[in-house]
Amino acid sequence: MSQPAIDVRYVANLARLELSDEEINTFQPQLEAILKHVETLSQLDVSGIEPTSYPAPVFDRMRDDEPHESLPPEAVLQNAPDRAQGQIRVPKVVADA
Amino acid sequence: MISTLRHQLVSGETTPEAILKKLAGDISARDGQTGAYLSHDLESALNEAANADLSLPLGGIPIAIKDNINVLGQPCTAGSKFLSENYESPYDATVIQKLRAAGAIPFGRTNLDEFAMGSATENSALKLTRNPHDPERIPGGSSGGSAAAVADLTAIAALGSDTGGSIRQPASHCGVVGLKPSYGRVSRFGLIAFASSLDQIGPLTHSVEDAALILQAIAGYDERDSTSLDVPVPDYLTGLNDGVKGLKLGLPKEYFGDGIDPGVRQKVEKAVQALADQGAELVEISLPHTQYAVATYYVIAPAEASSNLSRFDGIRYGHRTASPTDILDLYKKSREEGFGPEVKRRIILGTYVLSSGYYDAYYSQAQKVRTLIRRDFENAFEKVDAILSPVAPSPARKIGALGDDPLQDYLADIFTIAANLAGIPAISVPVGTVDSDGGKNLPVGLQILGPHLGEAKLLQIAKAAEAL
């Protein structure tokens with residue numbers, strides 16, 4: 001790893017964030033400073049070391065295949081910013097034919 | 001505090017309604033200055049109080065809840081504009097169900113850094129919280145509202161969440177007890193996820209005994225959180241007064257190096273010596289990868305956050321931008337308008353370290369260093385029963401003193417974040433106050449770290465340290 005060269009606008013787009021120019025100018029040096037600190041990790045030889053995803057053992061657990069109560073539709077929909085006919089309404093996602 | 005109140009409740013000397021009304025009065029009187037609470041609903045709490053079962057272990061005891069834990073019918077803002085407009089929890093988090101099953105009454109929602117990202121509560125998009133010991137200073141964070149409410153006596157006890165020190169550091173700064181349980185000890189179901197391999201819910205309390213009482217109520221397996229551990233929950237109260245005689249307590253040389261405020265060092269060393277005087281054996285140990293903990297954390301935590309926070313898309317709940325041109329515009333503008341700067345910074349950082357071409361250099365590398373940090377603790381706990389250290393290098397800093405340099409606050413997390421990376425339990429216990437940086441009588445905490453699922457012994461040592 002050499003000098004960090006993060007393209008903030010490009011990464012923000014991947015993260016579905018529309019940043020202002022002012023924000024990009026603020027974040028750029030801050031993120032570079034953080035990444036510079038993070039690069040100290042590259043000093044360590046980790047060959048043969050297993051990665052840790054969870055600090056305690058995690059198992060896939062199958063629940064019993066039995067019907068049980070879940071949230072009623074009204075509770076699921078109550079926080080939706082826009083809804084109609086018992087569904088969440090969003091802008092059109094397919095192009096006109 | 002809780003056991004005294006419980007005696008008064010059982011004997012009829014007081015009632016849950018009277019306790020709630022007193023708290024509501026104290027909130028009205030003092031919280032305008034402190035700003036610990038984002039909201040509280042006295043009426044619904046009084047309705048619960050009317051049916052309180054005083055025979056239960058926490059019967060009739062109100063507990064304040066950090067505003068990133070869902071309580072049915074209440075707001076849950078996560079300190080963010082994204083959720084402050086029109087979100088109402090459609091369900092109870094498992095910890096809330098468990099507190100209620102133990103007789104407690106969730107009352108009041110405490111302020112936090114937005115989505116629990118921060119260590120000063122200054123990143124709350126909704127409110128400024130002040131340290132009750134010095135209103136010019138931060139309460140710490142991210143559970144700053146919970147710590148400040150307990151310290152300000154506007155809460156009997158509170159729940160917080162701890163991803164890198166967010167229970168322990170504000171507890172230290174506000175002079176209260178704060179416990180981060182072992183990873184998997186407490187269900188995270190209903191906690192708004194920040195970094196799922198690091199987050200744990202825990203208590204902030206007036207005493208170690210109160211922390212034990214609350215842990216007892218909230219610990220245990222939950223089929224709705226596959227990372228909660230299906231192992232028996234021990235009795236955290238029986239051995240609480242067993243003392244430290246014969247226990248081996250480790251002092252990691254990396255945690256007592258340069259950069260610690262002289263007053264903090266003196267208070268922590270005095271508490272360590274007092275435990276030795278009570279019969280504990282002090283052992284110098286080494287946690288050789290300590291210097292890499294902050295860097296490891298600031299890869300893994302933002303990576304997980306960037307993934308977790310993708311759910312805030314403006315579709316199903318929370319903020320949606322006013323007139324989007326299309327679905328992509330809706331996502332991008334809703335998130336731009338709803339999130340504050342620290343959250344955006346971490347989402348970008350996390351997205352970057354997970355992105356093609358950088359994944360191995362940053363994320364995989366950090367996961368492997370995390371293994372080395374975890375092993376440091378495993379090796380240490382072969383030699384000692386627990387580890388002692390400061391919680392934070394300095395007492396609470398002044399509000400606004402950080403300026404434009406978030407890395408400075410990140411580096412101050414050095415003593416707390418390793419416990420999250422390793423998944424081990426850790427507690428902050430007040431051990432006095434210091435004058436520092438122009439401030440007077442600023443609280444200092446001692447941190448005690450134990451092996452995974454070793455909360456009982458941790459609380460026992462904390463009880464001995466508390467009695468000093």
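**Before the views: a few words on reading them.** Helix axes are lines fitted to C-alpha atoms over the stretch in contact, and the angles between them run from 0 to 180 degrees between N-to-C directions. Helices (H or I, at least four residues) and strands (E, at least two) are DSSP runs, numbered from the N terminus. This is a predicted model, in which local features need pLDDT of at least 70 and side-chain atom pairs count only at pLDDT 80 or more, while totals for chains, interfaces and linings use all residues. Residues are numbered from 1 along each chain as its sequence is written, and chains are lettered from A and ligands numbered from 1 in the order in which they are written.

**View 1. Helices α10(B) and α12(B) pack against one another.** Their axes are 7 Å apart and meet at an angle of about 100°. That makes α10(B) roughly perpendicular to α12(B), a label for angles of 65 to 115 degrees. Two residues are in contact if their C-beta atoms, placed from the backbone, lie within 7 Å. On the α10(B) side, look for Val299(B), Pro302(B), Ala303(B), Ala305(B) and Ser306(B). Facing them from α12(B) are Arg346(B), Ile347(B), Leu349(B), Gly350(B), Thr351(B), Val353(B) and Leu354(B). By class, this contact has 8 nonpolar, 3 polar and 1 charged residues. Here Ala, Val, Leu, Ile, Met, Phe, Trp, Tyr, Cys and Pro count as nonpolar, Asp, Glu, Lys and Arg as charged, and the others, Gly among them, as polar.

**View 2. Chain B as a whole has 16 helices and 11 strands.** The radius of gyration of chain B, taken over C-alpha atoms, is 21 Å. Buried residues make up 63% of the 468 residues in chain B. A residue is buried if 20 or more other C-beta atoms lie within 10 Å of its own, exposed if 12 or fewer, and partly exposed in between, with C-beta atoms placed from the backbone. Among contacts in chain B between residues at least 6 apart in sequence, 76% join residues at least 24 apart.

**View 3. The largest nonpolar core has 162 residues.** Such a core is a set of buried Ala, Val, Leu, Ile, Met, Phe, Trp, Tyr and Cys residues joined through C-beta atoms within 7 Å. The residues with the most contacts inside it are Ile63(B), Val299(B), Ile348(B), Ile448(B) and Ala465(B). Helix α10(B) supplies the largest share of this core, 10 residues. Zoom in on Ile448(B): leaving aside residues up to four places away in sequence, the residues it touches include Ala386(B), Leu388(B), Val429(B), Leu458(B) and Ala465(B).

View 4. In the loop between β3 (105–110) and α6 (144–151) of chain B you will find Ser142(B). A cis peptide bond joins Gly141(B) to Ser142(B), with omega about 10°. Leu153(B) lies in the loop between α6 and β4 (157–162) of chain B. Although it is not a glycine, Leu153(B) has a positive phi of about 60°. Leu153(B) is partly exposed, with 14 other C-beta atoms within 10 Å. Asp437(B), in the loop between β10 (426–436) and β11 (439–449) of chain B, has a positive phi of about 55° without being a glycine. Asp437(B) is partly exposed, with 15 other C-beta atoms within 10 Å.

**View 5. Chain A follows the pattern α-α-α-β-β along its sequence.** The radius of gyration of chain A is 23 Å, well over the 13 Å that the globule rule gives for 97 residues, so chain A is more spread out than a compact globule. Buried residues make up 16% of those 97 residues. Glu50(A) sits in the loop between α2 (21–38) and α3 (73–77) of chain A, and counts as exposed with 9 C-beta neighbours inside 10 Å.

**View 6. Chains A and B meet.** Here 58 residues of chain B are in contact with 47 residues of chain A. On the chain B side, α13(B) gives the most, with 12 residues. The residues of that side divide into 28 nonpolar, 16 polar and 14 charged.

How values were computed
Rg over C-alpha atoms; globule rule 2.2 N^0.38 Å. Parallel < 35°, antiparallel > 145°, perpendicular 65-115°, else oblique.
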